[in-house]
Amino acid sequence: MVNGMSAHVLFDSGATRLFVSLTLSKKFQDAPGTLDSPLEVEIADDRTVSAARVYQDCVLNVLSDRFRVNLVLIPLQGSKVIVGMDWLEA
């Protein structure tokens, strides 16, 4: 779950950030902030997209543990979150 909402969570060991789909982000109450510098993100269909918006301090529930994470907004199909490995630092 993300911010109390069900989502398809994809764990990507190659990702260094966490990402959220446009569809799921529309349900968030807060407005996104802006990254200091845009990211170039290669997505599954070999496209590269520029990402500049981020939802800070979201709650990611994994099993019974809660983690505070920042979610970068990218175009994905459905209500999805891609979780990189940096969330484990928490």
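Seven residues, V20, F28, Y55, L60, V69, L71 and V81, touch the most other members of the largest nonpolar core, which has 16 residues. Strands β2 (18-21), β4, β5 and β6 each give two or more residues to this core. A further core of 13 residues lies apart from it, and its members include L39, V49, A51 and I82. The model described here is a predicted one. In soluble globular proteins, nonpolar side chains tend to be buried together.

**Contacts of L71**

Leaving aside residues up to four places away in sequence, L71 touches V2, L18, F19, V20, F28, R53, V54, Y55, C58 and V81. Among these contacts of L71 are F28 and Y55, and those two residues also form an aromatic pair.

**The aromatic pair**

The count of aromatic pairs comes to one. The ring centres of F28 and Y55 are 4.9 Å apart and the ring planes stand at 85°, so the pair is edge-to-face; the cut-off for that class is over 60 degrees.

**A buried serine**

S79 is found in the loop between β5 (65-74) and β6 (80-83). Its relative accessibility is 18%, so S79 counts as buried, given that buried means under 20%. Not counting residues up to four places away in sequence, S79 is in contact with A7, H8, S21, T23, L24 and K27.

Most residues other than glycine have a negative phi. N3 has a positive phi of about 50° although it is not a glycine. N3 lies in the segment that comes before β1 (8-11). D57 is likewise not a glycine, and has a positive phi of about 60°. The position of D57 is within strand β4. Both residues are partly exposed, N3 at 33% relative accessibility and D57 at 48%.

**Accessibility of the residues discussed**

| Residue | Relative accessible area | Class |
|---|---|---|
| S79 | 18% | buried |
| N3 | 33% | partly exposed |
| D57 | 48% | partly exposed |

Definitions and conventions. Residues are numbered from 1 along each chain as its sequence is written. This is a predicted model: local features need pLDDT of at least 70, side-chain atom pairs count only at pLDDT 80 or more; totals for chains, interfaces and linings use all residues. Side-chain values use heavy atoms; hydrogens and water are left out. Rings of Phe, Tyr and Trp (its six-membered ring) pair if their centres lie within 6.5 Å; planes under 30 degrees apart count as stacked, over 60 as edge-to-face and the rest as tilted. Helices (H or I, at least four residues) and strands (E, at least two) are DSSP runs, numbered from the N terminus. Buried means under 20% relative accessible area, exposed over 50%, partly exposed in between (1.4 Å probe, protein chains only). Contact means heavy atoms within 4.5 Å. A nonpolar core is a set of buried Ala, Val, Leu, Ile, Met, Phe, Trp, Tyr and Cys residues joined through side-chain atoms within 4.5 Å.
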